[in-house]
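Here is a short report for a first look at this structure. Keep the sequence and the 3D view at hand while reading.

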Amino acid sequence: MANQSSKIGLRRERERERERMEKSLAELERIQTQILERISKLELASTASLPQHNSTPIPTSTQNDAIGATEARLSAILRANGVKDFAFKRVPADYYDWSLDDRRDVLGAASVHHLCKSIVLVNTQAQSSVVDCSDRNNSKYYVVVVQYTARFNAEAVKNFLYSLNEGKIAKKKFNLRLAPEETSVELTGFEHNGVTCVAMKTDIPVILDEAIQKLSPDFFWLGGGEIDLKLGIRTSEFINFVKPFIVSCSST
């Protein structure tokens with residue numbers, strides 16, 4: 001009994017220590033983000049003051065008169081993590097009433113297949129001990145990035161996670177379903193249709209559909225942190241930064 005109490009006490013102490021570390025890291029990230037935002041704004045101001053030359057315009061919303069706080073924050077984080085080839089684009093309020101062809105045109109995407117979305121999934125059959133995202137191999141939640149033109153295959157993700165855990169966890173303990181919207185907002189910090197894999201509130205493991213990795217050119221679009229803000233990014237840089245699992249989990 002004494003040994004069991006000691007183990008419980010040790011576990012609680014570890015949890016408290018982890019919470020303290022998470023708070024410290026969150027504070028450091030907040031300070032870093034503020035600094036990077038200031039640098040980003042200075043860079044934008046410096047660029048705006050330079051003489052303009054006849055050249056092909058860069059398709060980013062930094063050419064607009066004002067840059068939003070979300071765009072500035074995410075841009076700073078992307079640059080700080082070595083991502084250079086990305087673009088933000090504001091879209092009209094009725095964007096989601098448009099056809100995929102029209103969405104492709106307003107974003108300047110290479111094809112409708114380059115239009116992607118991030119969805120939050122919850123493992124409804126996870127073991128009782130799995131309550132968060134601390135173990136990316138066996139997480140309660142996952143973010144999956146798939147094309148709008150593809151049909152997501154949850155069974156493929158289930159099989160992948162089963163294999164990832166080397167069969168040590170029963171396959172019936174993996175059942176991925178779309179998380180409730182309020183859960184998605186709480187975990188990511190982003191609203192429906194604005195979810196992005198950059199600077200999520202929670203460090204949720206990401207699964208990138210293999211079909212996106214195979215796109216040519218390798219530059220795709222996804223949510224940009226706000227409903228009317230979209231992010232285009234070089235696929236290889238996205239993978240280096242986010243470090244997603246790459247899984248064939250869709251069909252056309």
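## Nonpolar cores

A nonpolar core is a set of buried Ala, Val, Leu, Ile, Met, Phe, Trp, Tyr and Cys residues joined through side-chain atoms within 4.5 Å. Buried means under 20% relative accessible area, exposed over 50%, and partly exposed in between (1.4 Å probe, protein chains only). This is a predicted model: local features need pLDDT of at least 70, side-chain atom pairs count only at pLDDT 80 or more, and totals for chains, interfaces and linings use all residues. Residues are numbered from 1 along each chain as its sequence is written, and side-chain values use heavy atoms, leaving out hydrogens and water.

The largest nonpolar core has 35 residues. Leu78, Val145, Cys197, Val198, Phe220, Ile233 and Phe238 touch the most other members. Elements giving two or more residues include α2, β1, β3 (141-147) and α7 (235-242). Helix α7 gives the most, with four residues. Helices (H or I, at least four residues) and strands (E, at least two) are DSSP runs, numbered from the N terminus.

Beyond its neighbours within four places in sequence, Cys197 is in contact (heavy atoms within 4.5 Å) with Ser118, Val143, Val145, Val206, Leu222, Phe238 and Val242. A second, separate core holds 15 residues, among them Ile119, Tyr142, Val144 and Ile207.

## A three-stranded sheet

Three strands form an open sheet in the order β1-β8-β7, with antiparallel pairing. Two strands pair if DSSP finds at least two bridges between them. The edge strands, β1 (86-90) and β7 (219-226), each pair on one side only. From one strand to the next, the twist averages 25°.

Strands β7 and β8 (residues 229-234) pair over six bridges. Helix α2 (residues 69-80) packs on the sheet and touches β1, β7 and β8. The direction of α2 makes about 170° with that of β1. Axes are lines fitted to C-alpha atoms, for helices over the stretch in contact, and angles run from 0 to 180 degrees between N-to-C directions.

## Aromatic rings

Rings of Phe, Tyr and Trp (its six-membered ring) pair if their centres lie within 6.5 Å; planes under 30 degrees apart count as stacked, over 60 as edge-to-face and the rest as tilted. The count comes to six aromatic pairs. Phe86 and Phe88 have ring centres 6.0 Å apart and planes at 80°, so they pair edge-to-face. Both are buried.

Ring pairs link Tyr95, Tyr96 and Trp98 into a cluster. Tyr95 is buried, at 5% relative accessible area, whereas Tyr96 is partly exposed, at 23%.
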